[in-house]
Amino acid sequence: MGRRGAWALAAILLLAAGPAWLGVRWYQGHDLLLSQAPERRASRLALPARESGVALPLDVPFALIHDTAGRLLPEAFSDAGEAEGTRYRYTVRRTRGITLSRAEDGDLRVTTSLVVNGDAGLSGGLAELLALGAKNFDAAADVQADLALSLDENWCPTVGLDVAYQWTKSPRLEVIGGVWVNVEERVRGRVDAALRDLPRLLREAMPCDAIRRQMQEAWRNYDIPVQLPAAPPLHVLVHPLSLGLSGLAVEQDRLRLGLALQARTAVSATGGGMPPAGPLPPLRRVPDRNGRLQLSIPIRAGYDMIRDWLMEQFGRRDIPFEVAGQQGRLRIQEIFLYPSAPAVVAAIRFTVDLPGTLFDTSGRVTLSARPVVERGGTRIRLAEIRFARDVDSLLWSAATLAFEAQIRARIAEIAVYDLRQGMADALKALQRTLSDPARTGGVRLTLSRPSLRLEQVVPEADALTVLGTAEATVSAELRTLPGG
């Protein structure tokens, strides 16, 4: 053995024996603890339901309003008559098309420009005798009509109208000193009468019953199959709770009525099981805000994946350690993982090269640790690391106690498993599924700014599963309102 080996043996035996009977009892207690491998025990991750808000924009294309306004206010119309001692005739022509835009207060603004040509004068024989029967006039004006469009609680359109004129050339003339013929009221009256019909015609173009039928189709449960990485087939379940109207947005080529759906959302291993959605509820007003989807989803790391990662970290390389001032080397040959909830257990087969020639040994050490989520992070780490072991050398068993703390500290330092890629893959799969109308019952869901927060680790039978909360801004693309 030599002097160096004998010295190492004496040191190890001294460590194992301890001072008198207290050392013996300490060794016996720790040896019993380290020799008991944890039993196999799996848990099951429960995925809680969340409440989500989904933005459901209903689009009214400008073409619907443009065509209706064009029918009411044609390119040209004429009028003639006699009233209050004057007679008149005129023709009104639109000099440019009807333009739709957003008003300062957010309403829809309809604008056009008009020119007026005609003649007017005093009526009766005296006017004819004095050659004052008619005089020509012309005028021009820019006209704007602001429409406030909404839906009431019965899903019926409401349309407010405010008309304003800016006369660039006033439609009046002086037929004789101090006698003016003012045809502005008649021109405005004719244009106002046409525009006053615009709200009614728009309401008729979007009847309540047709809107309710369309929304009743959307007011239902959704069961969307989804396949997340390393997970069994799952179902995204959506159960509607309420519907609200957040307001009107005027966009480049359409009006967008903002509907907000509140729903209970869940991910489940099985489909169905939701209560009936029931009849379409009355519409209520809600604050204007983006929809927010929340889903509890599982992020799974199979035990084989973790084993391969551990072998990359620890396996097939020498791990130095020190016993009684002497250097030894440990090499991991194989790792087997299994659950022992709330912990995960690694059964490690190894070989050890101890100082000298007589103490080389092999055996198995069982490591038990509780996986926890790092605060605000994407990683899980091992905490509360414990050992049990089964080796072929009593001296190695004693030495294990001496450097157990050293090994535990080293494992705790580097045994951190990063789930960032798995999280990214899960979010991509979720986005891909929810944006496909063929999978979502005809409704295209658009997720933006998705994020995933890890919350809880559960050792399941075949994988280490992490409960994650996925959040994203979400909107649903529906068909246009009836008549669009």
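Analyst: Contact here means heavy atoms within 4.5 Å. This is a predicted model, in which local features need pLDDT of at least 70 and side-chain atom pairs count only at pLDDT 80 or more, while totals for chains, interfaces and linings use all residues. Residues are numbered from 1 along each chain as its sequence is written, and side-chain values use heavy atoms, with hydrogens and water left out.

User: Which residues does Glu 460 touch, not counting residues up to four places away in sequence?

Analyst: Glu 460 touches Ala 42, Ser 43, Arg 44, Leu 45, Arg 300, Tyr 303, Pro 339 and Thr 465. With Arg 300 there is also a polar contact between side chains, at 3.0 Å (a pair of N or O atoms within 3.5 Å, where one must be able to donate a hydrogen and the other to accept it).

User: Where is Glu 460 found, and is Glu 460 buried or exposed?

Analyst: Glu 460 lies in the loop between β21 (444-459) and β22 (463-477), strands being DSSP runs of E of at least two residues and helices runs of H or I of at least four. Glu 460 counts as buried because its relative accessibility is 12%, and buried means under 20% with a 1.4 Å probe.

User: Which residues of helix α7 are buried?

Analyst: In α7, which covers residues 303-314, the buried residues are Tyr 303, Ile 306, Trp 309, Leu 310, Met 311 and Phe 314. Tyr 303 is also among the residues that Glu 460 touches.

User: What does Ile 299 contact, leaving aside its neighbours within four places in sequence?

Analyst: Ile 299 is in contact with Leu 419, Gly 422, Met 423, Ala 426, Leu 452, Leu 454, Leu 464, Thr 465 and Val 466.

Definitions and conventions. Buried < 20%, exposed > 50% of the residue type's maximum accessible area, 1.4 Å probe, protein only. Expected span 1.5 Å × (residues − 1).
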